[in-house]
Every structure is written in C-alpha cells, then in structure tokens.
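Please look through the sequence and the structure before reading on.

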Amino acid sequence: MICSVPPVPGKESLFMASPDEPTDLKKTPLFALHEGLGARMVPFAGYAMPVQYKDGLMAEHRHTRSAAGLFDVSHMGQAVLTATGNTPVDALIERLAPGSVAELKPGRMRYSLLLNEQGGILDDLMITRPAAPVPGTKGGDQLYLVVNAACKDADFALIEQTLGGDATLVRLDNRALIAVQGPDAIKAVAAIVPGVDQMVFMQSGQFDWGGDTLLISRSGYTGEDGCEISVPAGRAEDLARSLLADARVKPVGLGARDTLRLEAGLPLYGHDLDEAMSPVEGNLNFAIGKRRREQGGFPGADRILGELAEGPARLRVGLRLEGRAPAREGATVQTADGTAIGTVTSGTFSPTLEAPIAMAVIDARYADEGTDLEILVRNKPLKARVAAMPFVPHTYVRKLG
C-alpha cells in the first residue's frame, strides 16, 4: 500500500500525473480560489492541487522562509476517533501505533505512525487529544487524527476494522485544512484569530471565528513556526482570503511545500517511507515512546525493538551533493569503488542553501555523518556526503517569552 503519487519516470518534478491518476479529480474547497490566483493545477493523490502560482516555486519557498506562506492541505484526511467501551481511546490507537499516546495531555498533539504486522510503516499521522469535544461529534473520550491524502481511505478502513468493536471513527470530510507557515505566520493568524499566539509547538486549541469553530494546531511541515487550521469547508475560502489580505501572507503550492519539507529533513510517505520500512530504518526512533519500548504491544514490536537494540541494516539519511546538479528519486547511491549501497528517495536544489540536497535509504554501515559517497546522476557519479538533518534549522516555538 504505497499511498502517495509516484513521480513519472524521467520527470524531475515530484508532482506530476501518474499513469494511474484518475481523470475525475476531486476538488478542495479552495479550488476556485487557486484558479483565481493563477495557480498551475496538477493531479496529486486524486485531487486537483496547485503546484505553484504566478511568482514560481523559488519565490514561494523564499517567501515562506522570510514571511508567511499559505498552503491548501484540505486533501488530507481528518477524523475523530471516540471510544465506545471501557477501553480508553489512547489504548486503542496504541494497538496500531508505537507512540505513547496515553501520556498525551488535553490540547497536545503527537507525530506517530500506523504499522503493519511486520513493523512496516503504513502511514505517518498526527494524533491530537482535544481539550474540548470536536464540533459535529457527541464528545466523549476522543482523539483527532490527520493522515496523508492518498492513504486516508485505507487508514480509516484499517482503524475501523481493527478498533470497530471498541470505538467509532467519524470522518471530517466537511472540513478543510489550511496551513500557514513562516516567521510571520502566527502574527498573521493571530490578527484575525486572537489567542493563537499563546500556543506553543505541538499544542492545539479551538477558536471562534465569526461564529464557526476553528481547530488550530501550532505545527506544520516546513520546519518553520506556523499553524494548521481546520475550518468548515463552506468557510474555507473566506478564511483563506482574510489571511491573504495580509501582505505578509502569500499562497504557496505543492512544489515549494516539497522543497521546504526536504530542507527541514521531514520524510514524505510513499517516497522516503513505505510499508517495508520500519520506524528505526526511517530514522524515526523518536516516534517510539519510552513506555512502548519497555512494554512492546504494537505491530511488529519484535522487529522494531530488535533494531533499536542491534541497529538496522539500512537507514534513511541526508546527503549534501557537490556542485549544483540535484539528484532525483531513484538515483543509485554508491561508494567510491562503485558498490551500490542504496537509493535516493527525495532530492532537490535547496533554495535556502543554494545547493543540492537529498534523502536516501542506504546500508547503515555507511550512514555516519561525514561519510563520502557518490550518487549516479544521468550515469555520472557525483560526489556526496552524509549530512545531518534538518539541512535548514527548525524554528519551532517551544516556549513563550
């Protein structure tokens, strides 16, 4: 189950139509706004999505790093999981994920993973314990989930199949999702939604906006400070226009979203992570809670705990390339003597560093920072070096004042 749209062989953009991409694409509540803003629309995960606007990818990327970018992420899956029996909802989701969700306090969120029985990653997701019942639900012992767009149907089916006797899953398909990212993002949002600036990274809350309830988390996928806003679909365009009326905020497409997340060292499911890869191989050990390491009890625990103890055979790493030519997904990573040791999973030219960067999954024996390697780009070996991630430092606000 690979849940993101693969790039077309020979094309350099991640966001190209797949031969299997449906022609009857879904539209987010912001589709008309994108067209009005001159966006170039492309198929992605079954949706028509903006890849870039008139100013282009590089300008959008740099504006996000210097001010604030607005992203339409309404294609992602939102749902509320509610316990219906005596088992707490956090214990239920822990049957599928390795995180310590039981320790999650109200109004806090956590990055986690859905695993198969072999310990492979079916998807990555955000889990929030709401401080108040999510609008449109009956309340109770709840978790708010956000999953990847192309995986959402399979994810929700798996959750319902596994937990259906003890919980109900309510999809929030009637809500849109907007991300605002960058050093000015919180100021811009707080100007129309007071109180947002009182949250810190990985905190969430509910806010009234003109009589509608917004679910807002201080989080994002760029490495920058910012937030993600769940809004009733019918108010999404009004909210986006209100935010874009602020000169600090500009619309940003999927192209810059990809270069931003790669600079931040954040993996993309279906490319840097997949169902054959464990969290340890994916360099996501932080997503395995301390209590879960001691107790196990999650899918693939034997494999994952063994890799934590002994080390994995392969590992997701960052690479810095010499020169200016970027390496793209699928390029072979090799040693200086030509021994193939892995494959590039994502690559781009970094607008911030003005240099090519990549992620790759390689033989763990060569994964130490500073190790010199080569990447075959158009059959030519280019020098590369294993580098620490993130490539560009995160600017999350973890403490106020």
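Buried means under 20% relative accessible area, exposed means over 50%, and partly exposed covers what lies in between. The model discussed here is a predicted one.

Q: Is Asn 283 buried, exposed or partly exposed?
A: Asn 283 lies in the loop between α7 (254–263) and α8 (290–295), and its phi is near 60°, a positive value in a residue other than glycine. Its relative accessible area is 36%. Because buried requires under 20% and exposed over 50%, Asn 283 with its 36% counts as partly exposed.

Q: How far apart in sequence are the parts that the pair of Phe 201 and Tyr 396 ties together?
A: A search of the whole structure finds two aromatic pairs. One of them joins Phe 201 and Tyr 396, which are stacked with 4.0 Å centre to centre and 5° between the planes, and both residues are buried. Since Phe 201 lies in the loop between α5 and β11 whereas Tyr 396 lies in the segment after β20, the pair ties together parts whose separation in sequence is 195 residues.

Q: Which residues does Ser 204 touch, not counting residues up to four places away in sequence?
A: Ser 204 has its place in strand β11 (residues 204–209), and because its relative accessibility is 15%, the residue counts as buried. Not counting residues up to four places away in sequence, the residues it touches are Gly 107, Arg 108, Thr 128, Met 199, Ile 216 and Ser 217.

Q: In β10, which residue is the bridge partner of Phe 71?
A: Strand β4 (residues 68–72) is mostly covered, with five of its five residues buried; Gly 69 and Phe 71 point one way from β4, while Ala 68, Leu 70 and Asp 72 point the other way. Three bridges join β4 in parallel to strand β14 (residues 249–251), where Leu 70 stands opposite Pro 251. With strand β10 (residues 175–181), β4 pairs in the antiparallel sense over four bridges, and there the partner of Phe 71 is Ala 179.

Q: What is the omega of the peptide bond from Met 389 to Pro 390?
A: Pro 390 lies in the segment after β20 (380–387). The peptide bond that leads from Met 389 to Pro 390 is cis, with omega near 5°.

Definitions and conventions: Residues are numbered from 1 along each chain as its sequence is written. This is a predicted model: local features need pLDDT of at least 70, side-chain atom pairs count only at pLDDT 80 or more; totals for chains, interfaces and linings use all residues. Side-chain values use heavy atoms; hydrogens and water are left out. Helices (H or I, at least four residues) and strands (E, at least two) are DSSP runs, numbered from the N terminus. Buried means under 20% relative accessible area, exposed over 50%, partly exposed in between (1.4 Å probe, protein chains only). Contact means heavy atoms within 4.5 Å. Rings of Phe, Tyr and Trp (its six-membered ring) pair if their centres lie within 6.5 Å; planes under 30 degrees apart count as stacked, over 60 as edge-to-face and the rest as tilted. Two strands pair if DSSP finds at least two bridges between them.
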